[in-house]
Structures are given as C-alpha cells and as structure tokens.
Amino acid sequence: PTYSQGFFARALTQIARDNHDGAITDLTSALAFAPQTSPRYLANLFGLRGQVYQQDGSFALALDDYTSALDLDPTGENYANRGFLLAGARRFEEALADFDSAAGLLPDIPLLALARANLYAQMQDSSAEAAEILRYVNLIQTNVITAGELNTRGEASIVEVANGDVL
C-alpha cells in the first residue's frame, strides 16, 4: 500500500468514530500522496472529503471537493452528491441540473427521481413533481431492490415504506 492508501484507510476509521477533523486531515494527506495518474482514486478522495465537509456544515469546502471529484470523474454518484448539497443550500436550479446529469448516468435509481420530485415541489412546479413521483413509483415497481443492496439507510427506509414493509 502507498502512503495515500494508509491515510485513506485511517480516514475511514476516523469517519466511523465521528472524528471529522481527523478524517479531513487524513483525506487531505491521502490527496497529497495520491498518484496523479489515477483520476478515479483522486475523485473518490475528493468526494469522501466533500461528504465529511458537508456533514460538518462547511458548504463552500464541500462544494469545492464535489466539483473537483466531478472534474476528475463525472459519475452519477458525484453528480448526485453535489446535487444533494446544492439542494440543501436551496440552489434548486443547479441541484436539478446535477440530478438530471446523475439520472442520465444512473437512470434506474429511485432515490434520484424522489430527489427531483422534492426539488420540483420546492420550486412549486406541481406537474413536474407529479411526473417524478410517478417515475419513482414505476422504478420501485419495476426494479427488484432489497434493502441490503442499497447504499444508504435512508434509501432503504424509503424503499421499505414504498413496498409497505414499514408502517
């Protein structure tokens, strides 16, 4: 393992312990030692540090890191991360653009349709909101998804509720 991978591994431990300052320090060190020939690895480091910054309420730093991740590796996950940050800051048009990009790359993810529906509701566009809710319901019905396959507890709860598994 490289120094970067060691710092990355320790950052994950720091995150698990809710030591965000330690995680940020370790992720910053991981970035400093990371091979510049691995854009996906660098993007993952920026994305993870962006998540930690977001949890700490450091909007500008999180936005910078999510944007750096996208510049290096424009994946649906990276667009979604930045979209959720922008939505939380009530920057709805920018968030919608990122969710649109994420949905284009990950068309079968129900959480993205639900996020877009929420944005349209906040933007008071009821017809677009209804269309996204319908899309969400169709995705839930057509995709075989189990809670164990999902990335987040929040998405698992949404699916469980939609499937009637949770009262």
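Contact means heavy atoms within 4.5 Å. This is a predicted model, in which local features need pLDDT of at least 70 and side-chain atom pairs count only at pLDDT 80 or more, while totals for chains, interfaces and linings use all residues. Residues are numbered from 1 along each chain as its sequence is written, and side-chain values use heavy atoms, with hydrogens and water left out.

**Overall make-up**

- The protein chain has nine helices and zero strands. Helices (H or I, at least four residues) and strands (E, at least two) are DSSP runs, numbered from the N terminus.
- Read from the N terminus, the order of elements is α-α-α-α-α-α-α-α-α.
- The protein chain has 167 residues, and 40% of them count as buried. Buried means under 20% relative accessible area, exposed means over 50%, and partly exposed lies in between (1.4 Å probe, protein chains only).
- Take the contacts between residues at least 6 apart in sequence: 43% of them join residues at least 24 apart.

**The nonpolar core**

- A nonpolar core is a set of buried Ala, Val, Leu, Ile, Met, Phe, Trp, Tyr and Cys residues joined through side-chain atoms within 4.5 Å.
- The largest such core has 35 residues. Leu27, Leu45, Ala95, Phe99 and Leu119 have the most contacts inside it.
- Six elements are listed as giving two or more residues to this core: α2 (20–33), α3 (39–55), α4 (59–72), α5 (76–88), α6 (92–105) and α7 (110–122).
- The most comes from α3, with eight residues.
- Ala95 touches Gly83, Leu86, Ala87 and Leu119, leaving out residues up to four places away in sequence.

- Asn78 lies in helix α5. Its relative accessibility is 8%, so Asn78 counts as buried.
- Beyond its neighbours within four places in sequence, Asn78 is in contact with Ala43, Ala69, Leu70 and Asp73.
- Arg82 is also found in helix α5. Arg82 counts as buried because its relative accessibility is 17%.
- Arg82 touches Leu63, Tyr66, Thr67, Leu70 and Asp98, not counting residues up to four places away in sequence.

- Two packed helices are described by the angle between their axes and the distance between the axes.
- Axes are lines fitted to C-alpha atoms, for helices over the stretch in contact, and angles run from 0 to 180 degrees between N-to-C directions.
- The axes of α6 and α7 come within 10 Å and cross at roughly 160°. That makes α6 roughly antiparallel to α7. Angles under 35 degrees count as roughly parallel, over 145 as roughly antiparallel, 65 to 115 as roughly perpendicular and the rest as oblique.
- α6 passes α7 in a left-handed crossing. A crossing is left-handed if the near helix is turned anticlockwise from the far one by less than a right angle, and right-handed if clockwise.
- In α6, Phe92, Ala95, Leu96, Phe99, Asp100, Ala102 and Ala103 meet Leu112, Ala115, Arg116, Leu119, Tyr120 and Gln122 in α7.
- By class, this contact of α6 with α7 has ten nonpolar, one polar and two charged residues. Ala, Val, Leu, Ile, Met, Phe, Trp, Tyr, Cys and Pro count as nonpolar, Asp, Glu, Lys and Arg as charged, and the others, Gly among them, as polar.
- The axes of α7 and helix α8 (residues 126–142) come within 8 Å and cross at roughly 165°. α7 and α8 are therefore roughly antiparallel to each other.
- The crossing of α7 past α8 is left-handed.
- Among the α7 residues that meet α8 are Pro110, Leu114 and Tyr120. The α8 residues that meet α7 include Ile133, Tyr136 and Leu139.
- By class, the contact of α7 with α8 has eleven nonpolar, no polar and four charged residues.

- Most residues other than glycine have a negative phi, and most peptide bonds are trans.
- Asp18 has a positive phi, near 60°. Asp18 sits in the loop between α1 and α2 and is exposed, at 61% relative accessibility.
- Gln124 also has a positive phi, near 60°. Gln124 sits in the loop between α7 and α8 and is exposed, at 74% relative accessibility.
- Arg90 lies in the loop between α5 and α6. Arg90 is exposed, with a relative accessible area of 57%.
- Ala9 is found in helix α1 (residues 3–16). Ala9 counts as partly exposed, at 39% relative accessibility.
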